[in-house]
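Welcome, and thanks for stopping by. Here is a short briefing to read alongside the sequence and the model.

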Amino acid sequence: MRIMKKSLKEISLGVTLAFVTTAAQASGYHFGTQSVTAQSTANAAAAEAADASTIFYNPAGLTELETHEIAAAVNAVAPHIKYSNARATYRRRGQVNGETGGKITDDIVIAPHVYGAYKVNPDVTVGVGMYVPFGSSTEYSKDSVLRHHLNKLGLTTIAVEPVVAYKFHPQHSIGVGAIAQYSTAELRKYADWDAAGSVSALASHQASQRAGVPVRVDATGKADGHAEVKGKDWGFGYQLAWMWDVNDRSRVGVNYRSKVGHKLEGTANWRANGALVQAAYPTLIGKTVAEGGNGYVPHEKASVKIVTPESLSVHGMYKATDKLKVFGDVTWTRHSRFNKAELVFENVKNIGGGKISDRTIITPNWRNTYKVAVGGSYQYSELLQLRAGIALDQSPVRGAESRLNTLPDGNRIWYSFGAKYQYRKNHVFDVAYSHIHINNTTFNATASVGDNVDSKGAATAKFNNYANILGLQYSYKFR
């Protein structure tokens, strides 16, 4: 049992890092678009307040609407993340064998958004929106050479936001929203339980007893274990907005979205995969410390506290002619807020050296980011409007050494175009297409040093990234 203690700790931080990293992605990987009207201008048109979806971008814009309305949008996202030339080593020695390249994203991901606005009187408008602010899904094959880092990640976040907007001056409006955000996360993480040589030592000892002579067994590559972790939580925040009609042709606005705190609570299910550890799991591993085991029970509770970042946007609109409008937006996001996280297990673990612990602490290295977008619309005819935009979107990832293999993100450029068509007076249809160019990136992780519960070895990989988004939206105006 003492021989096993050090090797059993190897899986814990791997799962911890995976679980916390998943949460971090809710703050570093925004879904990107919550309105097809906005998508068609690369999200530059927040000051336009064209329909009820202004609830997300600037709720003060609700006072610009002429009447009650509802808007329903759906985005079909085709992400492409493909890795190649992957290599990894075990922490002790030797190359990890397995798949060295492949696509790790779904072909199509669907995201719906719904908004409604009601004009209480000419100065007060209320509304409610339900949208997807964060979302990602990546999965490697189970025999990928990168499996000891993170093998699968899925995150879905849905927000419900009631808002109220008030025009307190002919040229000025304010808006306030209350955000209720529900997040679910799941992941799969493999670990090398022989990272400290404990499984090899135990197997050699058992083989020597059976043979009656010294026998050396090398368990490298034969002692994998993994965990499936799931968590969910409600978090709450707020939104503040201001809109100023400078004159008949110009409008500017400011929007602030607060941080949202989450305590993701769920389960951690531990499993042994390698033949040399499967036999030992029920007795030596699958018990709490109080029962004489090492605390890695098959099923236990786990939780982690994270804070998604606040953002501040400044945007404007200018009517260059009766047919042409130009838009601009600058958004700052405080991604550096994610600087510490602790995963807390239900049971304490033997972590070697006579120590026990029920948690692991990590400190990411993300940076604050800016997104700059410009766009425009042209009224081609009384019923048809053409729209386009471009955006530069900075990644919070500093470099290859801090990049996650399930979030190989890089700086992005959005290219968007679309059209708006009004049918009669009540019906408005929007369509938009966006191609998101993401810089090709590299992943360069160093091996764990053995002073914590992390079993990974060094690893490298190259990534080719891009995405395409098709959006459809229907708005109904009550006349």
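Buried means under 20% relative accessible area, exposed means over 50%, and partly exposed is in between, with a 1.4 Å probe and protein chains only. This is a predicted model, in which local features need pLDDT of at least 70 and side-chain atom pairs count only at pLDDT 80 or more, while totals for chains, interfaces and linings use all residues. Residues are numbered from 1 along each chain as its sequence is written, and side-chain values use heavy atoms, with hydrogens and water left out.

**The chain as a whole**

- The secondary structure comes to seven helices and 19 strands; these are DSSP runs numbered from the N terminus, with helices being H or I of at least four residues and strands E of at least two.
- Of the 479 residues in the chain, 54% are buried.
- Among contacts (heavy atoms within 4.5 Å) with a separation of 6 or more, 74% are between residues 24 or more positions apart.

**Salt bridges**

- Side chains of opposite charge can pair when their charged atoms come close.
- A salt bridge is a side-chain nitrogen of Lys or Arg within 4 Å of a carboxyl oxygen of Asp or Glu, and by this rule the count comes to 17.
- R251 pairs with E64, with their closest N and O atoms 3.0 Å apart.
- Because R251 lies in strand β8 (residues 250–257) and E64 in the loop between α4 and β1 (69–88), this pair ties together parts that are 187 residues apart in sequence.
- R251 is buried at 11% relative accessible area, whereas E64 is partly exposed at 22%.
- D218 and R93 form another salt bridge, with the closest N and O atoms 3.2 Å apart.
- That pair links distant parts of the chain, 125 residues apart: D218 is in the loop between α5 (198–211) and β7 (224–245), and R93 is in the loop between β1 and β2 (102–103).
- D218 is partly exposed at 27% relative accessible area, and R93 is partly exposed at 35%.
- E265 forms a salt bridge with K263, where the closest N and O atoms are 3.7 Å apart.
- Through shared partners, salt bridges also join E64, K167, D245 and R251 into one network.

- W414 sits in strand β17 (residues 412–423) and counts as buried at 3% relative accessibility.
- The C-alpha atoms of W414 and I436 are separated by 4.6 Å, although the residues are 22 apart along the chain.
- Beyond its neighbours within four places in sequence, W414 is in contact with residues including G32, A42, G389, D393, H435 and I469.
- N269 lies in strand β9 (residues 260–272) and is buried at 16% relative accessibility.
- Not counting residues up to four places away in sequence, N269 touches H226, A227, E228, P298 and H299.

**A nonpolar patch on the surface**

- Patches are made of residues with over 30% relative accessible area and no salt bridge, with like charges joined within 9 Å and nonpolar side chains (Val, Leu, Ile, Met, Phe, Trp, Tyr) within 5 Å.
- V74, I108, I110, F417, V431, Y433, L470 and L472 form a nonpolar patch with about 690 Å² of accessible area together.
- Elements giving two or more residues to this patch are β18 (427–445) and β19 (459–477).
- I110, in strand β3 (residues 109–121), counts as exposed at 54% relative accessibility.

Technical notes: Areas by Shrake-Rupley, 256 points an atom, 1.4 Å probe, with all protein chains shown as cover.
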